[in-house]
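Hi everyone, thanks for coming. Let me put the structure up, and then I'll walk you through a few of its contacts.

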Amino acid sequence: MEFGTRIFIAFLVSQVVCTGSQEEEEKAECVPGFQEKEYRVEYSGGFLKDIPLLQVVFDDCTGNEGVEFEVSNPDFLIDEKLNLVPRRHVIDSGDVMFVHGVNNHVDDMAQVTIMGAPSRSPQTLREILGLSDMMPYRSKRSLLVPPMFVPENQRAPFPRLIGKSHVISSNMKEDHIFRLTGRGADQDPKGVFSINRLTGDVAVSRALDREAIAYYHLQVSTTDLSGKLVEGPADLDVSVIDQNDNRPVFKEPRYSGEVQEGSPTGTTVMTMTAYDADDPNTDNAVLRYIIVRQLPDKPSPNMFYIDPERGDIVTVISPHQLDRETLPTTQYELEIVAKDMAGSEVGLTGTATATITITDRNDHAPEFTHSLFQASVNEGSTGVVVNLTVDDRDDPATGAWRAIYSIINGDPNQNFEIQTNLDNNEGMLSVVKPLDYESAMFHTLLIKVENEDPLVPDVVYGSSSTATVYITVMDVNEGPVFFPDPLVVIRRENIPVGSFVAMLNATDPDYLQTQSIRFSVLRDPADWLIVNPFKGNVTTRAILDRESPHVHNNQYTALFMATDNGSPPASGTGTLIITIEDENDNAPYIFPSVARVCEDSKDMNVVIGGRDKDIHPNTDPFKIELGKQPGLEKTWKISRINDTHSQIMLLHSLKKANYNLPLVLTDSGVPPISNNTELKVQVCTCKKNRMDCSHAGSIQTNILLLLGLVLLSILCL
């Protein structure tokens with residue numbers, strides 16, 4: 001099928017232009033396409049070759065670049081000046097022809113009516129359809145619905161004719177009507193398109209928005225008056241032709257980026273991206289980026305460049321000029337404009353701001369403000385003695401500015417330490433081990449400063465990155481020092497008052513001065529000791545008792561003070577620990593001191609043990625015996641269980657009462673110590689594993705009286 005014939009058919013079914021409404025529209029806004037949709041030419045017996053008939057008015061709103069025109073009658077063409085020109089002498093032109101104009105921005109048609117021309121004889125239905133003589137002619141009716149195109153944003157009046165549906169037959173019966181269905185007709189959004197029931201003309205009822213709906217798929221069919229389907233349905237595709245009615249939009253109004261100082265020219269800083277809702281297949285959505293303003297504009301108003309197509313912002317300024325420390329500011333603001341229509345003058349624009357921060361790199365070494373620092377410190381003290389100050393031109397918020405100090409010479413005993421003050425970057429030199437004036441009156445330290453971040457390759461630490469610190473140690477009257485401390489001695493308890501205990505030894509560290517020392521007792525919990533203030537010999541003023549509550553683990557601790565006669569006087573303390581040896585000076589005692597037995601028990605036995613405040617060998621084994629009173633052995637019997645315990649057995653029953661049993665308890669000390677004591681025996685009533693001793697105390701019966709009664713009864717016999 002020839003191209004001209006295809007255009008003719010497409011236009012018949014898709015475009016009918018109302019020229020009157022075009023003239024009424026305002027010219028302020030450019031609408032791409034034919035500015036006049038319908039043209040008329042008078043027929044005067046034919047048209048001569050290369051003689052223009054008329055000039056069409058066409059504008060794609062971007063300069064008409066790449067526009068191609070096709071005429072439905074192949075005997076005509078549109079030349080470079082938009083004139084309709086015959087290719088040859090034409091007599092049989094027909095009474096209508098159609099001009100199709102298309103490029104990347106627009107696709108539109110116009111109609112040329114030839115007034116007074118006879119119908120073109122070869123323009124039969126078979127010719128229109130491109131049917132050759134070899135193809136049989138179909139007498140059966142068929143429905144022809146080609147695609148249609150509608151520019152968006154059309155203005156009133158509405159409805160506007162956009163195309164025509166055809167029933168291809170010799171005649172269409174009068175009782176057959178056209179019907180339009182689908183989205184935009186009888187489906188939401190309803191009523192956008194309508195069809196003339198009798199002629200098949202398709203019209204749009206209102207302005208369309210391609211960004212809302214870019215494509216409509218409908219169906220055309222013919223029915224009889226009863227609704228019975230006759231032809232179809234045939235697909236009708238309506239495409240909305242884009243207009244440049246959307247500005248480019250940046251996702252954010254402000255963008256932020258960073259570039260390090262000294263970066264090579266051409267370094268990518270950031271990428272700006274805008275979006276355009278228009279048809280991406282047309283220049284309406286083809287964006288170009290430009291920088292319209294830079295603030296501040298020093299040292300150059302063109303420090304940065306933006307790739308017009310990709311939106312990449314890169315540096316233009318030289319690395320030497322891109323120096324954070326010499327630039328007037330560390331932040332630059334760029335006003336970025338994105339323009340559609342590939343940046344042409346008629347393109348719409350969108351604007352955003354790009355803030356670029358020049359970040360620091362460590363291209364400046366820290367330098368001490370002085371090559372020599374001096375300080376003085378009292379001997380024996382600790383803490384900060386001097387603050388070292390440095391200058392660094394780098395960014396204080398980065399590791400390129402923060403300083404790290406180190407002592408590289410002059411501190412063999414690690415008496416000093418240096419740390420960074422995080423608030424002002426100064427080096428705080430401290431004494432951490434007290435200094436001794438008598439050992440060294442002066443100290444000379446060599447201090448080095450570096451940054452947390454390494455320097456860039458072409459920068460090194462110079463001599464200004466080291467400094468000398470001269471420290472003078474001030475003499476202070478120091479207190480005497482005891483040696484040894486603590487002093488440990490061994491003494492036996494109960495030694496006589498005035499006995500020698502120990503000799504205190506204290507020396508004055510200020511050996512360059514002649515000073516005397518006096519001793520005194522600082523803490524003596526039991527008040528047992530006295531010290532000679534001049535000689536330091538310690539003697540007893542009371543008896544040492546190992547069993548005293550002031551003695552712990554056989555050791556007694558006292559604290560002494562030595563004071564010199566300096567100005568002001570200074571003192572020191574020393575500890576004396578006396579390990580006290582035990583004497584057998586405590587009698588043993590029994591436990592428990594009270595025993596309970598049942599009055600009707602056949603086995604009235606009591607187990608008792610011995611205890612002693614002394615320590616071995618002045619304690620067990622203990623000997624537990626009945627008292628020396630005669631007759632006790634007739635009622636009681638004692639048998640030894642082990643070194644500390646014995647068993648007392650009652651030889652016959654006793655009445656419910658309390659009884660005091662005399663006992664003799666002897667330890668194993670040298671010499672041994674015996675203790676005449678008594679065991680209180682309560683004879684109680686026992687029933688069902690319950691012991692009742694409530695009345696036992698009412699009868700206070702002495703064992704001696706009991707023995708007397710027993711002896712009297714024996715004599716009477």
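Let's begin with Leu372, which is found in strand S29, residues 372–378. Strands here are DSSP runs of E with at least two residues, helices are runs of H or I with at least four residues, and both are numbered from the N terminus. This is a predicted model, so local features need pLDDT of at least 70 and side-chain atom pairs count only at pLDDT 80 or more, while totals for chains, interfaces and linings use all residues. Residues are numbered from 1 along each chain as its sequence is written, and side-chain values use heavy atoms, with hydrogens and water left out.

How exposed is Leu372? Its relative accessible area is 43%, so it is partly exposed; buried means under 20%, exposed over 50%, and partly exposed in between, with a 1.4 Å probe and protein chains only.

Stepping back for a moment, the protein has four helices and 55 strands. Of its 717 residues, 44% count as buried.

Now to the rings. The whole structure holds 14 aromatic pairs, meaning Phe, Tyr or Trp rings (for Trp, the six-membered one) with centres within 6.5 Å; planes under 30 degrees apart are stacked, over 60 edge-to-face, and the rest tilted. One of them is Phe368 with Tyr405, a tilted pair at 6.1 Å centre to centre and 50° between the planes. Phe368 sits in strand S28 (residues 367–368) and Tyr405 in strand S32 (residues 403–409), so this pair ties together parts 37 residues apart in sequence. Phe368 is buried at 8% relative accessibility, and Tyr405 is buried at 7%.

Another pair is Trp528 with Tyr556: the centres are 4.5 Å apart and the planes at 35°, so this one is tilted. Trp528 lies in the loop between strand S41 (517–523) and strand S42 (529–531), and Tyr556 in strand S44 (residues 555–564), so the pair ties together parts 28 residues apart in sequence. Trp528 and Tyr556 are both buried. Elsewhere, ring pairs link Phe34, Phe58 and Phe69 into a cluster.

Finally, the charges. There are 21 salt bridges in the whole structure, each a side-chain nitrogen of Lys or Arg within 4 Å of a carboxyl oxygen of Asp or Glu. Arg293 and Glu335 form one of them, at 3.2 Å from N to O. Arg293 in strand S23 (residues 288–295) and Glu335 in strand S26 (residues 331–339) are 42 residues apart, so the pair links distant parts of the chain. Arg293 is partly exposed at 46%, and Glu335 is partly exposed at 25%.

Which residue does Glu547 pair with in a salt bridge? The partner is Arg546, with the closest N and O atoms 3.0 Å apart, and Arg546 counts as buried at 9% relative accessibility.
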